[in-house]
Amino acid sequence: MENHQFLFNFISEYTGDILAGVLIAIIPLALLLVYALVAIYGELKIASFIQLKLGPMRTGKWGLLQPVAEVFKLLQKEDITPDGADKPLFNLAPFIIFLGCYAALSVLPLSSHFAPSGLNIGLFFIIAISSLAVLGIVMGGWASNNKYSLIGAMRSVSQIISYEIPAAMCILGVASMAHSLDMNVISAQQQGGFWNWYVLGGPAGISKIWLIPFTVVMFIVYFVTSLAETNRTPFDVPEGESELVAGYHTEYSGMKFAFFYLAEYGNMFVVSAIMTVIFFGGWSSPFGDFLNSPIWQIFWFIAKSMFFVGLQIWLRWTLPRTRVDQLMYLCWKILLPLSMVCFLAMALGGMLY
Amino acid sequence: MNLEAVIFYLFALIIVASGGLVVLSKNIMHAAFALMFTLFGLAGFYAMLLSDFLAVSQIMIYVGGILVLIIFGVMLTSKITGVELKTGPIGKVNYLFGAAISVIIACGLSLLFTNSKWIEKPVDKIPDSSINAIGYSLLTEYILVFEVAAVLLLIALIGAALIAHKDQIIDSDASSNEISTNNDIKIKE
Amino acid sequence: MINYLKNIIKGFSTILVGMKVTFINLFRPNVTVQYPNVHPLVRAGSDKMPDNARNKLNVIIPKCTGCKSCEKACPVNCITIETTKVASIDTEKPLMEDGKKRVFWLSQFDIDFAKCCFCGLCTIACPTSAIVHSTDFEYSCYDRNELLVHFSPFNKEQVAEKKRILAEEVKQKAEKALADKQAAEKAAQEQNITDSKIKSSDDQTSANQNIQNNSN
């Protein structure tokens with residue numbers, strides 16, 4: 001598929017290749033920043049409404065400027081580096097984590113005519129690059145010179161590494177059905193209505209019906225692992241404030257803490273976007289060719305991703321935190337076998353259709 | 001100097017600088033984290049050579065797997081036991097040995113490099129992706145190697161599980177005091 | 001194996017139940033209000049504070065008997081009560097709220113809200129429910145003295161007047177008592193004299209008895 005470079009070609013005609021590359025690279029960043037504001041606002045409001053409260057109301061109409069105010073508050077705060085901390089690593093860690101999240105955004109196809117980088121092994125790239133977050137977390141936790149940070153970092157790493165396996169199984173399952181790792185291709189295969197989405201067995205006609213339970217279970221498995229990989233409740237043991245103050249970002253303040261915050265929300269978007277691409281048709285419209293122009297595709301992609309972000313927020317305010325051993329039990333003894341069974345079924349489906 | 005050369009030298013700079021840091025840093029954690037940049041730079045090189053699958057595999061396996069393992073090991077040994085792990089002076093004899101080995105390796109490599117016949121084949125068409133070709137050759141030409149590697153990994157996995165499990169058994173056997181026997185009885189009941 | 005699958009299904013379904021609960025709550029009306037903008041007392045659908053809200057205290061003076069139970073119950077001694085007896089010669093004949101005759105004027109009933117810990121023990125101690133929690137919870141003020149609230153219906157002059165009347169009555173009573181006493185003493189003396197005249201020849205025990213009688 002060459003048309004994902006449409007925007008790049010369009011811009012480079014006027015500006016030249018280098019500037020066009022820079023401009024294209026800025027688009028995901030702008031998207032991430034705007035999305036983070038929306039997600040923070042959504043998190044605050046949904047949390048409040050679930051608890052029958054009003055949420056932020058003072059900053060602007062209905063508190064709409066609250067995330068902006070929070071960002072400014074974080075920017076104004078003093079940037080503290082603890083005395084015993086390992087300064088170079090301590091200062092580097094937030095940026096490494098943010099880098100992982102930002103790099104993952106670079107391969108998401110927002111529309112059939114635009115992906116920042118049309119990598120044809122996009123899914124594999126996303127699995128690989130998300131391991132950067134692990135390194136950043138270890139780096140921050142170790143460099144803080146704080147017991148709680150270190151324990152939080154270790155919990156986080158063991159959790160993320162464990163949950164990467166079922167997640168990779170889910171992605172592999174879909175990849176074996178799609179015969180591709182290119183996210184744009186996978187999205188394009190699911191065009192023609194929600195019946196063709198991979199969560200409902202993919203574009204294979206009526207005979208795929210036996211596959212539907214497996215793909216649905218696979219989607220649920222992936223959703224659970226995505227919660228764990230972004231350290232969201234109910235799997236936020238690495239930053240459980242009743243046990244570890246704030247986990248690996250205990251010692252961070254100001255701008256660097258803002259980066260952690262941004263990376264957390266950015267990772268939520270990334271896993272939701274992966275979910276959208278591999279199970280819910282990516283940018284393709286749920287109603288066949290209806291509203292399926294490239295501009296509308298951007299809308300569909302972001303709407304679907306935001307739906308899953310909302311689902312994550314909703315779950316966060318529903319469930320209590322799991323215990324560490326329950327977390328590992330869930331991963332190794334439930335999600336992994338389930339995902340393997342489903343992977344076998346989906347691989348069979350991939351061979352048949 | 002075109003864009004590719006700029007990117008190449010950028011990556012080269014990153015690799016050399018961080019590689020130097022890996023060797024020279026006295027703090028093992030710093031060395032381990034500097035290794036990350038080296039590995040990333042290598043991945044960048046692979047990507048520049050149009051082998052995208054290899055580049056991502058480099059990140060996946062080395063950065064996401066091996067480096068995390070190294071860091072975990074270093075972190076657990078130095079922070080939790082309270083022993084500062086640092087590379088100290090090794091002595092002049094070792095310096096001499098090291099220098100000699102480095103010179104030999106450098107000479108050998110440069111000899112190889114100048115004397116070997118490099119296959120320079122013009123690329124008629126830049127392949128869309130190397131992944132299809134890799135997949136086909138892995139499952140046709142190199143299927144035996146592939147399967148052997150898979151079996152090896154499986155053995156390693158089972159062995160790791162066995163080691164982890166055996167520790168537990170030895171522990172309960174070694175502490176054969178009253179409490180553990182009571183526990184055993186309870187379990188039997 | 002079946003237990004394992006059952007466990008998974010149970011875990012999943014209970015999560016769905018929880019999500020349903022939170023989803024329903026998502027669309028229920030809020031219970032909180034934008035406090036300084038919307039006062040809780042004028043909030044739509046509710047015109048009273050919660051039943052156990054412990055706000056500023058209020059004293060309903062017509063109910064108060066001046067028993068000082070609240071003063072004794074107060075753990076931080078923020079209530080100061082001074083009572084003045086209602087003089088019988090007072091032209092004002094006050095009644096309690098329940099129609100009984102008032103015994104004490106409350107010449108001073110001060111509560112220092114700077115000290116008050118809003119424990120509500122005084123409201124429990126009060127036998128007539130005269131001291132109660134009001135609906136007012138905003139105590140901020142610019143001067144600490146404003147927190148010392150006087151509940152007594154009288155100003156200083158009125159208190160002085162009541163005290164004067166009481167003092168007058170006490171004086172009258174004292175005079176009367178003095179007169180009574182003098183008269184009684186006089187009578188007793190006379191009686192003693194006559195008694196001693198009559199029973200001068202009696203034995204000692206009977207004499208003692210007589211003295212006791214007299215003294216009674």
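In the predicted model, chain C contains five helices and five strands. Read from the N terminus, the elements of chain C follow the order α-β-α-β-β-α-β-β-α-α. Chain C has 216 residues, and buried residues make up 11% of them. Of the contacts in chain C with a separation of 6 or more, 75% are between residues 24 or more positions apart.

Three strands of chain C form an open sheet, and their order is β2-β3-β5. The pairing in this sheet is antiparallel. In general, strands of a sheet pair through backbone hydrogen bonds, either parallel or antiparallel. The edge strands of the sheet in chain C are β2 (79–85) and β5 (148–150), each of which pairs on one side only. On average, and with direction ignored, neighbouring strands of the sheet are turned by 15 degrees against each other.

The pairing can be followed strand by strand. Strands β2(C) and β3(C) run antiparallel and are joined by seven bridges. One of the residue pairs involves E82(C), whose bridge partner in β3(C) is Q108(C). Strand β3 of chain C, residues 104–112, is also joined to β5(C), in this case by three bridges, and these two strands run antiparallel.

Chain B has a secondary structure of seven helices and zero strands. Chain B has 189 residues, of which 15% count as buried. When contacts in chain B between residues at least 6 apart in sequence are considered, 51% join residues at least 24 apart.

In chain A, two helix pairs that share α7(A) were examined. Helix α7 of chain A spans residues 147–178, and helix α13 of chain A spans residues 324–352. These two helices pack at an angle of about 15 degrees, and their axes are 8 Å apart. Angles under 35 degrees count as roughly parallel, and α7(A) and α13(A) are therefore roughly parallel to each other. The crossing in which α7(A) passes α13(A) is left-handed. The residues of this contact of α7(A) with α13(A) comprise 19 nonpolar, seven polar and one charged.

The second pair consists of α6(A) and α7(A), which pack at an angle of about 165 degrees with their axes 7 Å apart. Angles over 145 degrees count as roughly antiparallel, and α6(A) and α7(A) are therefore roughly antiparallel to each other. The crossing of α6(A) past α7(A) is left-handed. On the α6(A) side, the contact is made by V134(A), I137(A), V138(A), G140(A), G141(A) and W142(A). On the α7(A) side, the residues are S149(A), L150(A), G152(A), A153(A), S156(A), V157(A), I160(A) and I161(A). By class, the residues of the contact of α6(A) with α7(A) are nine nonpolar, five polar and no charged.

The contact between chains A and B takes 22 residues from chain A and 20 residues from chain B. On the side of chain A that touches chain B, the elements that give two or more residues are α5 (122–129), α6 (131–143) and α7 of chain A. Helix α6(A) provides the largest share of this side, seven residues. The side of chain A that touches chain B divides into 19 nonpolar, two polar and one charged residues.

In the contact between chains A and C, 13 residues of chain A meet twelve residues of chain C. At least two residues of the side of chain A that touches chain C are supplied by each of α2 (17–50) and α12 (294–316) of chain A. The largest share of this side comes from α2(A), with three residues. By class, the side of chain A that touches chain C has eleven nonpolar, one polar and one charged residues.

Terms used:
Residues numbered from 1 in each chain as written. Chains lettered and ligands numbered in written order. Predicted model: local features only at pLDDT ≥ 70, side-chain atom pairs only at ≥ 80, totals over all residues. Axes fitted to C-alpha atoms, helices over the stretch in contact; angles between N-to-C directions. Helix = DSSP H or I, 4+ residues; strand = E, 2+ residues; numbered from the N terminus. Parallel < 35°, antiparallel > 145°, perpendicular 65-115°, else oblique. Left-handed = near helix turned anticlockwise from the far one by under 90°. Nonpolar A, V, L, I, M, F, W, Y, C, P; charged D, E, K, R; others polar. Buried ≥ 20, exposed ≤ 12 C-beta atoms within 10 Å, placed from the backbone. Contact = placed C-beta atoms within 7 Å. Pairing = 2+ DSSP bridges.
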